[in-house]
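Q: Please go through the packing and the surface of this model, and say on what grounds each term is applied.

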Amino acid sequence: MNLAVLQADFGCHKEAISAMLETVSTARENRDMTCLNFALNWLFHFGRAHPDLVRDLESNSLLGAGKESMAFLRVKAKESGMWTLWSSVLLSEAKLALINGDSVATSLEYVARSSQVIVERNMKGMFGSQLSLFAGLWNRLGLTPLSNLISDIFLRCHARHSVFDDELKHTCRIALTLAERGQYDAGLQRLERLDENSLRSWKPRQYWHKYRGIIKLKKDLHHNNLDGAEELLAQLLQSKSDDLEPDMAFLVDSLHVDCLVRRGDLQAASIRVDGLIFKLQDESKDIALRVKLLLLKVSLLDKCGRPQRAFSTAMRAASLAWRARLIPCLWHAIGALSNILVSLGEFEAAIQLLTAILPRALECESSGLAARLYSYFADASMGLAGNVEPKSTKRTEYVTGALGAVQKAFDHYSAIEDVNRQCEMMAKKAMIMKLTGETALAADYAAAYVELRKSADALSLGGT
């Protein structure tokens, strides 16, 4: 059993499965329920991370499907008095429900039952994994402030009673959230504050390095420092097979696609996205990753100037996101649908959709999402302005609304320091002023655009 765990840590996955299967056989022969339950729990989690390696085992009914394995483990752990394993299995069932897009209430029920076991048995070391699941749940529901609060509560109150891995994961979650808001240096500082002595172990050190690299990669991409970004990408992609967390692997892949788009290589980006969709088409994969991939494909088609071809994909993404209550993805999908409506000339419908979702989208505290929605709102407002009489009150109202939306989008892109998008918003401002006959203001905005472009070029050459 120890050999299997060690082999898995060093990437020898096939050897690890063989050793753990031998552990299961030996434990069954000797009726060692403690060892058997641990081995089956390990195999379940390993199978979620590496489904290709255990697919044959599941088809032969040696391990069974995910829900059946969890139900068996839950009963046996309770019978054996293995309280830690019982709580862990309940959390795994909650996570499995989220991955499959089942009811959120069902997941919360499992978490509550796990919490009861933890509190009754005073298992302080289990708070890390339980609060990690809670934080992920709030994040999926679009309540990012609550997700951050949960992680902060763990670090302040429970970290001293838990293993370092839990502290590391919660810290990385907070650091990544800070990076999403454009606070890259603050995110890196959170990582730097971790105990250096605890990071001497190989696995935590690798995990820490990868999250640090992801934050720096986001910063380089937004600063248009593509050479530096590609160096970081090469390192992250090289070690991607070592990651046991699909979320991290997907994050690296999506940043790779973003880099290709910023390079202007849309064909390579499209091939990459199609390959990822083919890889994640299995129903057992996390529904959140499948929805995010569909949205990535929609975004790529928009970049190619073919937004209408993405209508069915955007509708499918919205349907899946609503079913699984993936709220940030739902707002993203509805924003994409409003953009398609704008391309079809249905400006009023687009405005209605965006007006309904924008207040809720701001709760997600994602500057990139908010900026994109405001940009769509400006396009729809200008479309409406073009359909009314020149110099009418309605036209002035729509143009004013478009300018306000562009300014909001510019502010959000400024928050994450995305220089290319800032330039796009400034160019939109100049175009709006030119169309309304305000030539002096149009010239001012055009000059501001030139200055932004110069500073963006200087930033990309200077690196980070």
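A: In the largest nonpolar core, which has 89 residues, Val291 and Trp331 touch the most other members. Helix α18 (residues 327–343) gives the most to this core, with eleven residues; helices are DSSP runs of H or I with at least four residues, numbered from the N terminus. The model is predicted, so local features need pLDDT of at least 70 and side-chain atom pairs 80 or more, whereas totals for chains, interfaces and linings use all residues. Residues are numbered from 1 along each chain as its sequence is written, and side-chain values use heavy atoms, without hydrogens and water.

Q: What makes a set of residues a nonpolar core?
A: Its members are buried Ala, Val, Leu, Ile, Met, Phe, Trp, Tyr and Cys residues joined through side-chain atoms within 4.5 Å. A second, separate core of 40 residues includes Met20, Ala27, Leu36 and Val89.

Q: Why is Trp202 called partly exposed?
A: Its relative accessible area is 38%, and buried means under 20%, exposed over 50% and partly exposed in between (1.4 Å probe, protein chains only); Trp202 is therefore partly exposed. Trp202 lies in helix α12 (residues 202–222).

Q: How do you know that the buried residues of α11 line one face of the helix?
A: In α11 (residues 184–192), the buried residues are Tyr184, Gly187, Leu188, Arg190 and Leu191. Seen down the axis, they fall within an arc of 150°, so they line one face; the arc is that of the directions from the helix axis to the C-beta atoms.

Note on methods: Helix = DSSP H or I, 4+ residues; strand = E, 2+ residues; numbered from the N terminus.
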